[in-house]
Amino acid sequence: MPGLADLSDALQDYLREIYKLQAESQRVRTSTLARRMGVKPPSATAMVKRLAARGLVDHQPYRGVRLTRR
């Protein structure tokens, strides 16, 4: 399993922001994440899907995203 060092800077930035936002809410809305990252919602959704494919986040459309234990 790859570690954080194997992730691009952009993916790491998204993970950090999800971590911060999760302190405020159990699940993070992709629109909130997009706003914080300064990108359009479809861009944030695409990045969240990449993180989910690696098992780093749990993404449920229309319900938000949260970090996994991994």
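**Helix packing and the nonpolar core**

In the predicted model, the buried residues of helix 1 are covered by elements that include helix 2 (30-37), helix 3, strand 1 (57-60) and strand 2 (64-67). The residues of helix 1 that are buried are Leu11, Gln12, Tyr14, Leu15, Glu17, Ile18 and Leu21. The length of this helix agrees with expectation: at 1.5 Å a residue, its 14 residues should span 20 Å, and the C-alpha atoms at its ends are 20 Å apart.

Helix 1 (residues 9-22) packs against helix 3 (residues 41-53) at an angle of about 95°, and the two axes are 10 Å apart. Because angles of 65 to 115 degrees count as roughly perpendicular, helix 1 is roughly perpendicular to helix 3. On the side of helix 1, the contact is made by Ala10, Leu11, Tyr14, Leu15 and Ile18; helix 3 contributes Ser43, Ala44, Met47, Arg50 and Leu51. By class, the residues of this contact comprise eight nonpolar, one polar and one charged.

Helix 3 also packs against helix 2, here at an angle of about 105° and with the axes 8 Å apart. The arrangement of helix 2 and helix 3 is therefore likewise roughly perpendicular. Thr30, Leu33 and Ala34 of helix 2 meet Pro41, Ala44, Thr45 and Val48 of helix 3 in this contact. Its residues divide into five nonpolar and two polar, with no charged residue.

The largest nonpolar core of the model has 16 residues, and those with the most contacts inside it are Ile18, Leu33, Leu51 and Val57. At least two residues of this core are supplied by each of helix 1, helix 2 and helix 3. The greatest contribution is that of helix 1, with five residues. In soluble globular proteins, nonpolar side chains tend to be buried together. The surroundings of leucine 51 can be listed in detail: apart from its neighbours within four places in sequence, leucine 51 is in contact with Leu11, Tyr14, Leu15, Ile18, Leu56 and Val57. Among these partners, Leu11, Tyr14, Leu15 and Ile18 also belong to the contact of helix 1 with helix 3.

Although tyrosine 62 is not a glycine, its phi is positive, at about 70°. The relative accessible area of tyrosine 62 is 89%; since exposed means over 50%, this residue is classed as exposed.

Note on methods: Residues are numbered from 1 along each chain as its sequence is written. This is a predicted model: local features need pLDDT of at least 70, side-chain atom pairs count only at pLDDT 80 or more; totals for chains, interfaces and linings use all residues. Side-chain values use heavy atoms; hydrogens and water are left out. Axes are lines fitted to C-alpha atoms, for helices over the stretch in contact, and angles run from 0 to 180 degrees between N-to-C directions. Helices (H or I, at least four residues) and strands (E, at least two) are DSSP runs, numbered from the N terminus. Angles under 35 degrees count as roughly parallel, over 145 as roughly antiparallel, 65 to 115 as roughly perpendicular and the rest as oblique. Contact means heavy atoms within 4.5 Å. Ala, Val, Leu, Ile, Met, Phe, Trp, Tyr, Cys and Pro count as nonpolar, Asp, Glu, Lys and Arg as charged, and the others, Gly among them, as polar. The expected span of a helix is 1.5 Å times one less than its number of residues. Buried means under 20% relative accessible area, exposed over 50%, partly exposed in between (1.4 Å probe, protein chains only). A nonpolar core is a set of buried Ala, Val, Leu, Ile, Met, Phe, Trp, Tyr and Cys residues joined through side-chain atoms within 4.5 Å.
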